[in-house]
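Here is a short briefing for a first look. Please keep the sequence and the structure in view while reading.

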Amino acid sequence: MRGMARRGFVTGAAGTVAGVVGAATVAGDAAVAAPRRAQGRPGPAGRRDVVRRELRGMWVATVANTDWPSRTGLSAAAQRAELIAYLDAAVERKLNAVILQVRPSADALWPSPYEPWAQCLTGVQGKDPGWDPLGTAVQEAHGRGLELHAWFNPYRVANHTDPSKLAAAHPARRHPDWVLPYGGKLYYNPGLPEVRTFVRDAMLDAVRRYDIDAVHWDDYFYPYPVAGQTFADGAAYEKYGAGFSDKAAWRRDNTDKLVRETAERIKAIKPDVRFGISPFGVWRNADTDPAGSPTRAGVETYDDLYADTRGWIKKGWIDYVCPQVYWNIGYAAADYAVLVPWWSDVVRGTGVDLFIGEALYKCGDSAQPAAWQDPAELSRHIDLAAQHDQVRGHAYFSAKSVVTDRIGAMQRVVADHYRTRARPPR
């Protein structure tokens, strides 16, 4: 079961988005930014429910050109056109937030003074693409009534282990002692205080410079376990681990520090910018911890990624949590119908908003269980989640799947639940 809910990066050829997405009708969408009355939507048994504010989000992954740009080396105009086509696709489907990956592998989709230009843009890390993707995304998203959540990955440096392939001025080459190879990838070492300071500064540069609506992190903290391999942070543990019961407790404290201190600095810079995290869908199994979910997941974020996602909620360090509940209703080891109420109970009374991450990419994938071959599965998720009052929206992975919609599952969600636009929670 290891990695059963991780986002699988799509490796097939990406079609040009503009060729798939029709021009969206955006007339009147500016009204989304103004106060409006509650809208009705069809719920179970066809009834009309009053809709609170809810997130309807779409991840746009840039690492390895998963969603955008469709390939490296496109002209600035072509890159911009593809990005805008995705934004128009979100509007057309009555979504209200785009979660754009702006720091995929310790590189940047804006002119960062800390890190090189992202390789996914030109194919050459550090090469100026000739435009400002993040600045454009913010402006164009807001012009369409969409929130722009800037998605950062704190510690991943590269999807390979050869530092010489990084840009010559890359911080990982200037500070080789910051970097560890593991599982065929390079990572910054979370156990080094100077690393945590650097990655915070690099991410917060975007907060200072752009009118983003949220800072968004995904599920990668310490890397997912790889059988037979060791994450070689022993020297850092010897230097900084005094007072901890074991290395696992020290690692969790390192992750806690990054989360807490980033939250504090975001609020000091721009109090209105939200801080959200989208973790793997299982914190701990109940047979590991009575407070855990009644699941049998092969990965537990607390124990395997050293990320106490439940603790961050209880301590109020984050503004929203968007767990990747990437399983179907009835899946024995990690049932969607079990995890949604568990997460709902976790956030109750904390003031932390709960959004559910949805595995749209599984719909119509022949390698997935039978439930994912039914175009109605995802719509049933929305119906089920609506029965839990703490759920305040959903986000769909990922943009390419929103647009191609292999078996019409997204179209079914829109028809059943998103007949009119809604404002995201605030």
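A polar contact is a pair of N or O atoms within 3.5 Å; within protein, one atom must be able to donate a hydrogen and the other to accept it. The side chain of aspartate 289 reaches the backbone nitrogen of alanine 291 at 2.8 Å. The model shown is predicted.

**Aspartate 289**

- Aspartate 289 sits in the loop that lies between strand E10 (274-277) and helix H8 (301-305).
- Aspartate 289 has 16% relative accessibility, so it counts as buried. The cut-off for buried is under 20%.
- Neighbours within four places in sequence are left aside here: aspartate 289 is then in contact with Trp283 and Arg284.

**Helices H11 and H13**

- Two packed helices are described by the angle between their axes and the distance between the axes.
- Helix H11 covers residues 377-385, and helix H13 covers residues 409-417. Their axes come within 7 Å and cross at roughly 40°.
- The crossing of H11 and H13 is right-handed.
- From H11, the contact takes in Leu378, Ser379, Ile382 and Asp383. From H13, it takes in Arg412, Val413, Asp416 and His417.
- By class, three residues of this contact are nonpolar, two are polar and three are charged.
- H11 is mostly covered, with seven of its nine residues buried. Those residues are Glu377, Leu378, Ser379, His381, Ile382, Leu384 and Ala385.

**Helices H1 and H3**

- Helix H1 (residues 76-92) and helix H3 (residues 133-143) have axes that come within 11 Å and cross at roughly 35°.
- H1 passes H3 in a right-handed crossing.
- On the H1 side, Arg80, Leu83, Ile84 and Leu87 make the contact. On the H3 side, Pro133, Thr136, Ala137, Glu140 and Ala141 meet them.
- The residues of this contact divide into six nonpolar, one polar and two charged.

- Strand E12 spans residues 353-358 and is mostly covered: six of its six residues are buried.
- In a regular strand the side chains alternate between the two faces of the sheet.
- Asp353, Phe355 and Gly357 point one way from E12. Leu354, Ile356 and Glu358 point the other way. Both sets are buried.
- Strand E11 (residues 320-321) pairs with E12 in the parallel sense, over two bridges.
- Leucine 354 in E12 stands opposite valine 321.

**The sheet E6-E8-E7**

- Strands of a sheet pair through backbone hydrogen bonds, either parallel or antiparallel.
- Three strands form an open sheet in the order E6-E8-E7, and the pairing is antiparallel.
- Strand E6 (156-158) and strand E7 (179-182) stand at the edges. Each has a single partner strand, so one side of each is left without a neighbour in the sheet.
- From one strand to the next, the twist averages 35°.
- E7 and strand E8 (residues 185-188) run antiparallel and are joined by four bridges.
- Tyrosine 182 has lysine 185 in E8 as its bridge partner.

**Valine 124**

- Valine 124 lies in the loop between helix H2 (119-122) and H3.
- Is valine 124 buried, partly exposed or exposed? Its relative accessible area is 47%, so valine 124 is partly exposed. That class lies between the cut-offs of 20% and 50%.
- Valine 124 and leucine 166 are 42 residues apart in sequence. In space, they are 9.1 Å apart, C-alpha to C-alpha.

Key
Residues are numbered from 1 along each chain as its sequence is written. This is a predicted model: local features need pLDDT of at least 70, side-chain atom pairs count only at pLDDT 80 or more; totals for chains, interfaces and linings use all residues. Side-chain values use heavy atoms; hydrogens and water are left out. Axes are lines fitted to C-alpha atoms, for helices over the stretch in contact, and angles run from 0 to 180 degrees between N-to-C directions. A crossing is left-handed if the near helix is turned anticlockwise from the far one by less than a right angle, and right-handed if clockwise. Contact means heavy atoms within 4.5 Å. Ala, Val, Leu, Ile, Met, Phe, Trp, Tyr, Cys and Pro count as nonpolar, Asp, Glu, Lys and Arg as charged, and the others, Gly among them, as polar. Buried means under 20% relative accessible area, exposed over 50%, partly exposed in between (1.4 Å probe, protein chains only). Two strands pair if DSSP finds at least two bridges between them.
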